[in-house]
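Visitor: I am new to protein structures. Could you show me how to read one, feature by feature?

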Amino acid sequence: MIPRMDRVFTRYRDASAEYTVGTETAGQTMTKSFGNDLCRPVPWLESFTVGDAVIDAEHRAMIDGCNEFCRLAARGAEAAEVAAVLRALAADFAEHAASEEALFPLIRFPGRDRHAAEHRRLRARMTDMIAHAPFAPDLPAQAAGLRALMVEHVLRYDLALKTWIEESRR
Ligand SMILES: [Fe+2]
Ligand SMILES: [Fe+2]
């Protein structure tokens with residue numbers, strides 16, 4: 001079953017370093033707010049699953065990697081360490097984007113151009129961060145912002161693959 005987007009939401013406020021993760025049921029909002037605790041990891045939710053084992057495992061690894069990056073940023077790591085972790089994250093994301101883009105024709109996914117453009121936008125954002133973020137005074141907020149972009153991409157773009165993956169198996 002395809003999860004309804006209006007029942008799953010993730011809201012982030014980068015500037016205030018506050019994020020909320022939760023589910024919405026029957027018009028009632030249940031949230032857990034973590035205030036300024038940037039170290040608090042974003043949990044893996046079943047609703048992130050697109051139904052392809054490789055893609056799901058890569059998404060999980062990317063979210064874990066972003067959580068690790070946030071932890072590192074929040075504890076004030078050295079610039080060289082921050083840059084190395086960001087480079088590894090960017091390499092993992094590039095590999096993951098290639099996995100998804102290789103899947104598009106196999107499942108006859110119609111939104112491939114727009115989706116691939118979004119991958120390029122995220123890769124450019126990461127390249128920019130490798131150059132500037134290690135020295136940024138607001139690194140924790142930037143790390144949380146990058147993580148928010150990654151989760152948002154899964155929810156807004158990657159979950160659209162789910163129907164086509166299921167359809168291709170019939
Ligand atoms: Fe993805
Ligand atoms: Fe994607």
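Guide: We will go through the model from its overall make-up to single residues. Keep in mind that this is a predicted model.

Visitor: Let us begin with the whole chain. How many helices and strands does the protein chain have?

Guide: The protein chain has 5 helices and 3 strands. Now follow their order. Along the sequence the pattern is β-β-β-α-α-α-α-α.

Visitor: What percentage of the residues is buried?

Guide: The chain has 170 residues, and buried ones make up 24% of them. Look at contacts too. Take those between residues at least 6 apart in sequence: 67% of them join residues at least 24 apart.

Visitor: How do I read a nonpolar core?

Guide: Start with the general idea. In soluble globular proteins, nonpolar side chains tend to be buried together. Now the case here. The largest nonpolar core has 25 residues, and Cys-66, Phe-69 and Leu-86 have the most contacts inside it. Helices H1 (53–74), H2 (79–106), H3 (112–132) and H4 (139–156) each give two or more residues to this core.

Visitor: Which residues is Leu-86 in contact with, leaving aside its neighbours within four places in sequence?

Guide: Leu-86 is in contact with Phe-69, Met-126, Met-129, Ile-130 and Ala-133, once those neighbours are left aside.

Visitor: Next, helix pairs. How do I describe two packed helices?

Guide: Two packed helices are described by the angle between their axes and the distance between the axes. An angle over 145 degrees counts as roughly antiparallel.

Visitor: Is the crossing of H1 and H2 left-handed or right-handed?

Guide: The crossing of H1 and H2 is left-handed. On the H1 side, the contact residues include Ala-61, Met-62, Cys-66 and Phe-69. On the H2 side, they include Val-85, Leu-86, Leu-89 and Phe-93. By class, the contact of H1 with H2 divides into 14 nonpolar, 3 polar and 5 charged residues.

Visitor: At what angle do the axes of H3 and H4 cross?

Guide: The axes of H3 and H4 cross at roughly 165 degrees and come within 12 Å. That makes H3 roughly antiparallel to H4. H3 passes H4 in a left-handed crossing. From H3, the contact uses Glu-118, Leu-122, Arg-125 and Met-129. From H4, it uses Gln-142, Leu-146, Leu-149 and His-153. The classes are 4 nonpolar, 2 polar and 2 charged residues.

Visitor: Let me look at Glu-118. Is Glu-118 buried, exposed or partly exposed?

Guide: Glu-118 sits in helix H3. Count the other C-beta atoms within 10 Å: there are 18, so Glu-118 is partly exposed. Buried would need 20 or more.

Visitor: Which residues does Glu-118 contact, apart from neighbours within four places in sequence?

Guide: Apart from such neighbours, Glu-118 is in contact with His-153 and Tyr-157. Glu-118 and Tyr-157 are 39 residues apart along the chain, yet their C-alpha atoms are separated by 8.4 Å.

Visitor: Last, backbone angles. What should I look for in phi?

Guide: Most residues other than glycine have a negative phi. Now find Arg-108, in the loop between H2 and H3. Arg-108 is not a glycine, yet its phi is positive, about 55 degrees.

Visitor: Is Arg-108 buried or exposed?

Guide: Arg-108 is exposed, because it has 10 other C-beta atoms within 10 Å. The cut-off for exposed is 12 or fewer.

Technical notes:
Residues are numbered from 1 along each chain as its sequence is written. Chains are lettered from A and ligands numbered from 1 in the order in which they are written. This is a predicted model: local features need pLDDT of at least 70, side-chain atom pairs count only at pLDDT 80 or more; totals for chains, interfaces and linings use all residues. A nonpolar core is a set of buried Ala, Val, Leu, Ile, Met, Phe, Trp, Tyr and Cys residues joined through C-beta atoms within 7 Å. Helices (H or I, at least four residues) and strands (E, at least two) are DSSP runs, numbered from the N terminus. Two residues are in contact if their C-beta atoms, placed from the backbone, lie within 7 Å. Axes are lines fitted to C-alpha atoms, for helices over the stretch in contact, and angles run from 0 to 180 degrees between N-to-C directions. Angles under 35 degrees count as roughly parallel, over 145 as roughly antiparallel, 65 to 115 as roughly perpendicular and the rest as oblique. A crossing is left-handed if the near helix is turned anticlockwise from the far one by less than a right angle, and right-handed if clockwise. Ala, Val, Leu, Ile, Met, Phe, Trp, Tyr, Cys and Pro count as nonpolar, Asp, Glu, Lys and Arg as charged, and the others, Gly among them, as polar.
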